Amino acid sequence: EVEFAKTKETMAEVYSAKGDYYTAAKLLSEIKFDSPNLKYSDDDKLDRYCQICEFYFECDDATGAEDYVYKAMNLAEKTIKRELKLRFEVSYARIMDSNRKFLLAAPKYHWISKQEGVDEENLMALLDCGVICAILASAGPERSAILSNLYNDERTKRLETSDILTKMYLDRIVTREDIEKFEKKLSKHHKALTGDGLTVLEKAYIEHNIVAVSKVYETISYQTLGDILQITERQVEKIIQNMIAENRLKAKLDQLTKFIDISDELESYNQWTRGIHNFCGKVDRLLKKVQNA
């Protein structure tokens, strides 16, 4: 069994060097790392599980990687080796991303991108992944908080995604041109169809623009909103119903008149804006007192 494991590890190295990551992952996955005969330490197991995940990700096979991410989870909590922890965290973020759990993936990517001991290029790539996931996440308060954290990270100004991040954070209308430019950076799973018949990107773009419109209008017709979003009235109704049900939008639908009352959402936004202005005013007054002291 020991010789079998050594042979598989050697062969995995050979195949990975050739760029055949799928075969390398399969070879390593044939080893029974928990066998008492092999005497792998917990850190050795964690290293191999992370390596299998990384090989699967190299060939865009998140499904193959997922089992090993969860096998590695308990080991990652116990290890004191920072490098191993970070490797696990990256794999975990990528699984959340591939499963379209963008609200979990985005802050995880952002956190990893701020860690020391990783080269600058990789940190910026991870930060970019965080921005992409935040943009694709379902509109609502949680996403707004994530967008705020990313927007206030000065490094995001250096990313190609900076312009669309700014529009999303400031609740500005995002155009088709913005989306077409952003789409070039996406992976296949980011473009998958959802149950609404829309792609992940289209749904995120529409939901964001609904929130942006709610900051301006008190009431709006299905037709007008559909024209703005370039979708049907039926799609308008269905998407807003879902957002209301999930507490991501304060609105009322009148199915007889086909109007949407979003005055509560607008008032909530105005209260938030007034709160920010009051806070900034207090800070300015405090700074003047300090300067005059």
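A residue counts as buried when its relative accessible area is under 20%. Keep that cut-off in mind for the cysteines below. The model described here is predicted.

**Cysteines**

Cys 133 has a relative accessibility of 0%, so the residue counts as buried. Cys 53 is buried too, with a relative accessible area of 2%.

The structure holds zero disulfides. Cys 53 takes part in none, and its nearest cysteine sulfur belongs to Cys 50. For a disulfide, the two sulfur atoms must lie within 2.5 Å. The sulfur of Cys 133 is 6.7 Å from the closest cysteine sulfur, that of Cys 129, so the pair is too far apart for a bond.

| Cysteine | Nearest cysteine sulfur | Distance |
|---|---|---|
| Cys 53 | Cys 50 | 6.1 Å |
| Cys 133 | Cys 129 | 6.7 Å |

**The largest pocket**

The largest pocket holds about 1000 Å³ of space. Its lining counts 32 residues. Nearest the centre lie Phe 57, Val 90, Arg 94, Tyr 109 and Cys 129. H5 gives the most, with nine residues.

What classes of residue make up the lining of the largest pocket? There are 13 charged, 11 nonpolar and eight polar residues.

Notes: Residues are numbered from 1 along each chain as its sequence is written. This is a predicted model: local features need pLDDT of at least 70, side-chain atom pairs count only at pLDDT 80 or more; totals for chains, interfaces and linings use all residues. Side-chain values use heavy atoms; hydrogens and water are left out. On a 1 Å grid over the protein atoms alone, a cavity is a set of points where a 1.4 Å probe fits but cannot get out, and a pocket is an open set with protein on both sides within 12 Å along at least five of seven lines; lining residues have an atom within 4 Å of a point. Grid points are joined across faces, edges and corners, and a volume is the space filled by probe spheres set on the points. Helices (H or I, at least four residues) and strands (E, at least two) are DSSP runs, numbered from the N terminus. Ala, Val, Leu, Ile, Met, Phe, Trp, Tyr, Cys and Pro count as nonpolar, Asp, Glu, Lys and Arg as charged, and the others, Gly among them, as polar. Buried means under 20% relative accessible area, exposed over 50%, partly exposed in between (1.4 Å probe, protein chains only).
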